[in-house]
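Follow along with the sequence and the structure as I go.

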Amino acid sequence: RSSGQAPDVQVKLRLRRIRLPPALEQSQWETRVCIGTRDPVFEQDFQIAVADANEMQLEVTLWDINGDPEESFLGECILNLAKLIPYQGEIIMQDFDVKQGKTHKSRLRAEGRLVLQLEFRKMEAEEA
């Protein structure tokens, strides 16, 4: 925030098909809000069903939910889910650089690191 106050941070997760514009994707999940911190820790679990990891990305965006609308977008990380296939069944902790958005804009420069713990499990036929 340009006011100098620490942001009220929320993470939004969106599953995106690689070849479709982001506006056409509907599935979205949100974390709880971490109030007044520049170093939020969420420690939340999400189970997201993915039919074909080769065709999907996970868009992770960070938001200041109580900030100036022109400064509410804090940055994003895009994870190509195909990269998780070789690690099926393993828990992976990965650091990502938070970057300026391609679909979301802000007057502020995106910066920081996001740590995700991920586990890719192949869907059984009845789950698809």
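**Entry 1: a word to settle.** Before I look at any strands, I note that two strands pair if DSSP finds at least two bridges between them. I also note that this is a predicted model. With that in hand I looked up β3 and β4, and they pair in the antiparallel sense over seven bridges. One of the partners I checked is Gln 57, whose bridge partner in β4 is Asn 80.

**Entry 2: the whole chain.** I counted elements next. The protein chain has six strands and zero helices, so my list of elements from the N terminus on is simply β-β-β-β-β-β. The chain has 128 residues, and 37% of them count as buried. Its accessible surface comes to about 8,500 Å², and carbon and sulfur atoms hold 47% of that surface. I also looked at contacts between residues at least 6 apart in sequence: 59% of them join residues at least 24 apart.

**Entry 3: the sheet.** In what order do the strands of the open sheet of four strands lie? I found β2-β1-β3-β4, with antiparallel pairing. The edge strands are β2 and β4, since each pairs on one side only. From one strand to the next, the twist averages 20°.

**Entry 4: strand β1.** This strand covers residues 9-17. Is it mostly covered or mostly open? Mostly covered, as seven of its nine residues are buried. I then looked up its partners. Nine bridges join β1 to β3, running antiparallel, and Lys 12 stands opposite Thr 61 there. Three bridges join β1 to β2, also antiparallel, and on that side Arg 14 stands opposite Gln 28.

**Entry 5: Thr 61.** Thr 61 is found in strand β3. Why does Thr 61 count as buried? Its relative accessibility is 3%, and buried means under 20%. Leaving aside neighbours within four places in sequence, Thr 61 is in contact with Gln 10, Val 11, Lys 12, Phe 73, Gly 75, Glu 76 and His 104. I looked at one of these again: Glu 76 is 15 residues from Thr 61 along the chain, and their C-alpha atoms are separated by 4.3 Å. The side chain of Thr 61 also makes a polar contact of 2.7 Å with the side chain of Trp 63.

**Entry 6: Asp 64.** This residue is in strand β3. Asp 64 counts as buried because its relative accessibility is 3%. What lies 3.1 Å from a polar atom of the Asp 64 side chain? I found the backbone nitrogen of Asp 8 there.

**Entry 7: the nonpolar core.** The largest nonpolar core has 24 residues. Val 60, Leu 79, Leu 81 and Leu 84 have the most contacts inside it. Which elements give two or more residues to this core? My list reads β1, β3, β4 (73-80), β5 (91-97) and β6 (113-119). I picked Leu 79 to look at its neighbours. Not counting residues up to four places away in sequence, Leu 79 touches Met 56, Gln 57, Leu 58, Leu 84, Phe 96 and Leu 118.

**Entry 8: the loop between β2 and β3.** I looked up two residues here, starting with Glu 43, which lies in this loop. Its phi is near 45°, a positive value in a residue other than glycine. Glu 43 counts as exposed because its relative accessibility is 75%, and the cut-off for exposed is over 50%.

Next came Glu 55, which has its place in the loop between β2 (28-30) and β3 (56-64). At 24% relative accessibility, Glu 55 counts as partly exposed. What does Glu 55 touch, not counting residues up to four places away in sequence? I wrote down Arg 16, Arg 17, Ile 18 and Arg 19. Ile 18 is 37 residues away from Glu 55 in sequence, and the two are 5.6 Å apart in space, C-alpha to C-alpha.

Definitions and conventions: Residues numbered from 1 in each chain as written. Predicted model: local features only at pLDDT ≥ 70, side-chain atom pairs only at ≥ 80, totals over all residues. Heavy atoms only, no water. Buried < 20%, exposed > 50% of the residue type's maximum accessible area, 1.4 Å probe, protein only. Contact = heavy atoms within 4.5 Å. Areas by Shrake-Rupley, 256 points an atom, 1.4 Å probe, with all protein chains shown as cover. Core = buried A, V, L, I, M, F, W, Y, C linked by side-chain atoms within 4.5 Å. Polar contact = N/O pair within 3.5 Å; in protein donor to acceptor, adjacent residues only side chain to side chain. Axes fitted to C-alpha atoms, helices over the stretch in contact; angles between N-to-C directions.
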